[in-house]
Amino acid sequence: MKQGIIFDMDGTLWDSAEGVAKSWSKVVAKEYDKGRVITTEEIKSVMGKTMDVIASILFPKVEEKARMALLERCCREENAYLQEHGGRLYEDLEETLQKLSERYPLYIVSNCQSGYIEAFLAHYGFEAYFEDIECFGNKGQKKGENIRNVVRRNELTHAVYVGDIQGDYDASMEAGVKFIHAAYGFGTIAQQVPAIQRFSELPEAVEKVWDER
């Protein structure tokens, strides 16, 4: 039996919204509209959506081909910024990851662009904690499918996904894995699910999920 924990990124492991807003605003001002400022609140409102959807929300008046080109440049700038500056880690994150990794293999699945997870891992030196990662930007696959891919290629017999928004719960159900709500994050869950108010509560919550199997 191989039990694994799969994490969402934004609103679960960290809050990068301020850095994303700064990096995107830099590109947008230079290449699209010098008066357009992407706010932290705007970024938080779209966190968790796939990158193509985010671009359509933030740049609705831009023709699709040009919008996707602008998105690509924003994402490149974002990855570079976050690798250098990082974001805001949730309290007790590294200590809890270290504790969890001693008992379970850990993974990340996000709807982000390619390079985003890698920037997070590189800035904080967290590569040793995670055995595999997957994202929308690699093959354009949605989160539920990517969770299934990670479960399958790592031969997990039981898995739990930790995320903060309704879409995370929906993806975990699509993938057939357990779910724990990071209630300190960006969203709420309509269903009654196990939840944590602080990241440090996760080891105990995971144990309860396994016990309920």
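Student: Where is Lys 139 placed?

Tutor: In this predicted model, Lys 139 is placed in helix H7.

Student: Buried or exposed, that Lys 139?

Tutor: Lys 139 is exposed, because its relative accessible area is 67%, and the cut-off for that class is over 50%.

Student: And what separates Lys 139 from Leu 89?

Tutor: Their C-alpha atoms are separated by 27 Å, and the two residues are 50 apart along the chain.

Student: Leu 89 brings me to Tyr 124. What is in contact with Tyr 124, apart from its neighbours within four places in sequence?

Tutor: Tyr 124 is in contact with Trp 14, Gly 86, Gly 87, Arg 88 and Leu 89. For Gly 87, which is 37 residues from Tyr 124 along the chain, the C-alpha separation is 9.8 Å.

Student: Which helix is Tyr 124 found in, then?

Tutor: Tyr 124 belongs to helix H6, which covers residues 116-124. Its relative accessibility is 21%, so Tyr 124 counts as partly exposed.

Student: Changing topic to the sheet: what is the strand order?

Tutor: The order is S5-S4-S1-S6-S7-S8, an open sheet of 6 strands with parallel pairing. S5 and S8 (195-196) are the edge strands, each pairing on one side only.

Student: Which helix packs on that sheet and touches S6 and S7?

Tutor: That is H9, whose direction makes about 170 degrees with that of S7.

Student: How many bridges does S6 have to S1, and how many to S7?

Tutor: S1 and S6 run parallel and are joined by 5 bridges. On the S7 side (residues 178-182), S6 pairs over 4 bridges, also in the parallel sense.

Student: Which residues stand opposite each other in those pairings?

Tutor: Ile 5 stands opposite Val 160 in S6, and Gly 163 has His 181 of S7 opposite. The chain goes from S6 through H9 to S7, in a β-α-β crossover that is right-handed.

Student: Why is S6 described as largely enclosed?

Tutor: Of the 6 residues of S6, 5 are buried, so the strand is largely enclosed by the rest of the structure.

Student: On to H8. Which of its residues are buried?

Tutor: Helix H8 runs over residues 143-153, and its buried residues are Lys 143, Gly 144, Asn 146, Ile 147, Asn 149, Val 150 and Val 151.

Student: What covers the buried residues of H8?

Tutor: The cover includes strands S1 (3-7), S4 (106-110), S5 (132-135) and S6 (158-163), together with helices H7 (136-139) and H9 (166-175).

Student: At what angle do the axes of H8 and H9 cross?

Tutor: They cross at roughly 50 degrees, and the axes come within 8 Å. The angle makes H8 oblique to H9. As for handedness, H8 passes H9 in a right-handed crossing.

Student: Which residues make that contact?

Tutor: From H8 the contact involves Lys 143, Gly 144, Glu 145, Ile 147 and Arg 148, and from H9 it involves Asp 168, Ala 171, Ser 172, Glu 174 and Ala 175. Among these, Lys 143, Gly 144 and Ile 147 are also buried residues of H8.

Student: One last point: which residue takes a positive phi just after H8?

Tutor: Glu 155 does, with a phi of about 55 degrees.

Note on methods:
Residues numbered from 1 in each chain as written. Predicted model: local features only at pLDDT ≥ 70, side-chain atom pairs only at ≥ 80, totals over all residues. Heavy atoms only, no water. Buried < 20%, exposed > 50% of the residue type's maximum accessible area, 1.4 Å probe, protein only. Helix = DSSP H or I, 4+ residues; strand = E, 2+ residues; numbered from the N terminus. Contact = heavy atoms within 4.5 Å. Pairing = 2+ DSSP bridges. Right-handed = clockwise from strand over helix to strand, strands pointing away. Axes fitted to C-alpha atoms, helices over the stretch in contact; angles between N-to-C directions. Parallel < 35°, antiparallel > 145°, perpendicular 65-115°, else oblique. Left-handed = near helix turned anticlockwise from the far one by under 90°.
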